[in-house]
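Here's a quick briefing to get you oriented.

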Amino acid sequence: MEPRRRERRVIAVAGAAALVAVGLNIAFSAVAAHRRRKRRELPGFTAQVNLSAAEIKRLTDRIIAKAKETYDSVAAVPLDKVSFANVVAPLAELDALQFPLVQACVLPRMVSPSEDVRKASAEAEKQLDYYFALCRQREDVYRVLKAFAVKGERLGPEATRFLQGLVKDFERNGVKLSQSKRKEMEKLKSYIAELNLKYLQNLNDFTKFLLLSEDELAGMPFEFLKDLEKADGKLKVPLTSYHVTPILEHCRVGSTRKQIAVAYGQKGGKDNIGILENLVQQRHKFARLLGYANYADFAIEPRMPRTSRKVLEFLEEMSEQLSDVANKELSILKDLKMKEEGDAQLGMEDLLYYMKRAEEFKIHLDIGEIKQYFPVSLVLSGMLKMFQDLFALRFDEIKDAEVWHDTVSVFSVWDASSSDCLGYFFLDIFAREGKYAHTCVVTLQNGCLCSNGTRKVPAAVLLSQCPKELDGNSALLRFPEVVRLFHEFSHVVHHISNRATFSRFSALRLEGDFAEIPSLLLENWCYESISLKMMSGFHQDITKSITSESCQSLKRRRDLFAGLKMKQEILLCLVDQIIHSSENVDIDSLIKELHPKVMLGIPLLEGTSPASCFPRIAIGYDAVCYSYIWSEVFAADLFVSKFKDDLLNQHAGLRFRNKVLAPGGSKDSLEIITDYLGREPSLQPFIQCKTRNSL
C-alpha cells in the first residue's frame with residue numbers, strides 16, 4: 001500500500017474514542033445552540049461563535065481534560081509497542097478536533113459585544129496557552145514519540161513532516177534538558193519577559209514635548225497647529241509618532257526638523273539600550289541551553305532561511321543591489337535641499353520632508369479626492385469578485401448563520417468547477433466599541449482529514465474597523481485601508497484553499513516568512529488599473545471608476561524612493577540579526593559603524609540610537625525582523641514571473657491556488673515556491689519592481 005493511502009487509513013482507525021468523546025460535546029452544544037437561537041448549521045464547521053462567559057469556562061475545562069486524557073494515553077504506550085496508530089494519530093486527531101473548540105473560546109476576546117464574555121475569553125486564552133505549553137514539555141510523551149521516530153516506520157511525506165514537527169516542538173521547549181537545566185530555562189524565559197516589558201514601558205512612559213513657535217513650525221497645516229496646546233506663548237508639541245511624522249514631512253524649517261528628529265530618536269534612551277543588550281545576552285543563554293550557537297539560529301531554524309548566516313547574506317546582497325538606485329534618489333533629494341535651503345548636506349531629519357516635496361513635484365495625486373472612489377460596499381463587492389474570478393471560486397452569502405453581532409456576514413466558498421464546498425469566512429469589518437482595533441484574520445477552523453474519513457473545512461474571520469454607513473450612504477475608505485483589507489482577505493483565501501491532511505499544516509500555521517508571501521503578492525492588484533477599477537466607483541455615481549492616470553500615480557507613489565526607504569529597513573534588520581548572532585555586541589558602536597555604510601554616507605543623528613525605540617527588535621520580531629523584506633522579495637518574483645502580464649488569468653490563478661496555497665505547511669515552503677517557479681527565487685524582480693518608478 002502506498003505510504004500516503006496507508007497514512008490516511010491509519011488515521012481513520014486511530015483515535016476513534018477521542019472523536020466520539022469530543023464529538024458528543026460538540027453535538028450537545030450544537031443542539032443547545034440550535035434550540036436557543038434556531039440558526040442554520042454550516043456543514044463541516046464545528047466551531048461555536050457565540051458562547052456565553054459560562055460556556056467558555058466549561059468548554060475550556062473540557063478542552064484541557066481531553067488534552068490530558070490523550071497525552072496520558074500516548075505516554076502510556078510501551079516503547080516496544082509504538083506505532084503511528086497509537087502514538088502520532090491520536091495527537092493529530094486531538095489537534096484536528098480541538099483547534100476549532102479552542103478558537104471558539106479565544107475569538108470572543110476580540111469580537112464580543114459583552115465585556116463579561118471578553119474577560120472570560122481572555123482568561124480562557126491564558127489557561128489554554130499555559131496548559132498547552134506544559135504539554136509540549138512532557139518528557140514521557142516525547143520519549144514515546146522519539147521511540148516511534150527511531151523505529152523508522154515507513155510513512156508518507158506529510159505524515160513524516162508532521163512527526164518531525166512534533167518531535168522538534170518538544171525539543172525546542174527543552175524536553176531533553178535535565179530538571180536543573182529546565183528550571184534555568186524557565187527562569188530565563190521569565191527574566192526575558194520582564195526585560196521585554198521594561199523596554200516597552202520605557203517607550204510608553206515617554207511623555208516629553210518641545211515648545212516651538214509658529215515660525216519654527218512654518219509649513220505645517222492649520223489643522224495640525226490648531227490642535228496643539230499653548231504654553232509660555234509657544235505651541236506644545238508632544239513627541240509621539242502622530243505629531244513627529246507630520247512635522248518631518250511638512251515643516252519647512254530644517255532646524256526644527258532636526259530638533260524634533262533628535263528628541264524623538266532619544267525615546268527610550270540609554271536605559272533601553274542597556275535593557276536590549278541584557279535582553280540579547282539572556283536570549284543567547286536560552287538558545288545555548290537548547291544546543292544552538294546563538295539566539296538567531298534558534299529563532300530562524302523553523303523559517304525559510306534556516307540559518308542566521310543565510311539571512312545576513314540576503315540582507316547584505318539586498319543593500320548592495322539597492323545602492324545604485326538609492327544613490328540616484330539621494331542626489332535628487334540633495335538637489336532639492338540645495339534649491340530650498342542653500343545647503344546640500346542632507347541629514348536623516350531631511351529624508352521625509354524632501355521625499356514629500358519630490359512627490360508633490362512628480363506625482364499629481366489628491367489623496368482626498370481618491371478617497372471619494374472607495375465606498376466600503378463597492379470595495380468589498382469588487383474585491384470578492386476579483387478573488388472569485390482569479391482563483392475559480394464562488395462565494396455565497398449565508399443569511400441565517402450563527403454570528404456574534406448583527407453586522408457580521410458569513411460566506412461559503414465553493415470550487416467553481418467541482419462545486420465542492422471549500423470552507424467559510426466571516427466578515428466582521430465595521431467599527432464598534434470593545435472590538436479589536438486592527439485589521440487582521442483569525443482562523444476558526446483548520447482544514448484537515450478526520451479519523452472517520454470526513455474532512456473539516458477551513459473557516460476564518462476577517463476583522464477590521466471600517467466606518468459604518470451614514471444616512472444610507474456607504475462610508476469611504478482611505479486608499480491604505482483598501483490595501484490593508486485586500487491584504488488580509490488574501491490570507492482568508494490562502495487559508496480556505498488549504499488541502500493538507502493534518503490540521504497542523506493549515507495555511508495560516510506556516511513558517512513565518514511564507515505566511516505573508518501570497519498576501520504581499522496579491523497586494524500588487526491594488527496598484528493595477530484593471531483590478532482597481534473593479535473595486536472603485538465615485539461615491540455619488542458608482543459608474544465612474546477611478547481613472548487610469550490615478551492608478552498609475554498610486555503605483556508611482558508607492559515606489560517613489562523605494563531604494564532609500566528599503567535601505568532604512570535593511571539597516572535595522574542588520575542590527576537585529578548581528579546582535580542576535582554575535583556575542584557581547586556594543587549596540588551603539590555597531591549602529592554608528594553600520595549607519596553611514598548602509599545609508600550611503602548619511603550620518604546617524606547625534607545623540608540618537610534607533611535601537612532604543614524599535615520595539616520589533618525587543619519583542620515579537622527578535623532575530624526575525626528580516627522576514628517582511630524576505631517575503632516581499634519572493635512575492636515580487638512570483639508577481640513578475642506569473643501574473644504581471646495577465647492579472648486576471650484564471651488558469652494562472654488556479655495553478656497558484658493548487659500549487660502554492662493548497663499545500664499549506666505540508667511541504668517545505670522554499671520547495672513549494674521553487675517547484676512553482678521552476679527555479680530558485682531571485683532578487684532581481686524585486687529590485688526592478690521597486691525601483692522602476694522610484695525616480
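**A sheet and a buried asparagine**

Let's start with an open sheet of 3 strands, ordered E1-E3-E2 and paired in the antiparallel sense. Its edge strands, each pairing on one side only, are E1 (209-212) and E2 (229-231). Keep in mind that this is a predicted model, where local features need pLDDT of at least 70, side-chain atom pairs count only at pLDDT 80 or more, and totals for chains, interfaces and linings use all residues. Residues are numbered from 1 along each chain as its sequence is written, and side-chain values use heavy atoms, with hydrogens and water left out.

**The sheet**

- Strands here are DSSP runs of E with at least two residues, helices are runs of H or I with at least four, and both are numbered from the N terminus.
- Two strands pair if DSSP finds at least two bridges between them; E2 and E3 (residues 234-238) have 3, in the antiparallel sense.
- Lys 230 stands opposite Leu 235 in E3.
- Helix H12 (residues 254-265) lies across E1 and E3, running at about 165° to E1 (axes are lines fitted to C-alpha atoms, for helices over the stretch in contact, with angles from 0 to 180 degrees between N-to-C directions).

**Around Asn 524**

- You'll find Asn 524 in the loop between helix H21 (517-522) and helix H22 (529-532).
- Asn 524 counts as buried because its relative accessibility is 12%, and buried means under 20% relative accessible area (1.4 Å probe, protein chains only).
- Leaving aside residues up to four places away in sequence, Asn 524 touches Arg 558 and Phe 639 (contact means heavy atoms within 4.5 Å).
- The side chain of Asn 524 also reaches the backbone oxygen of Leu 521 at 2.8 Å.

Key
Buried < 20%, exposed > 50% of the residue type's maximum accessible area, 1.4 Å probe, protein only. Polar contact = N/O pair within 3.5 Å; in protein donor to acceptor, adjacent residues only side chain to side chain.
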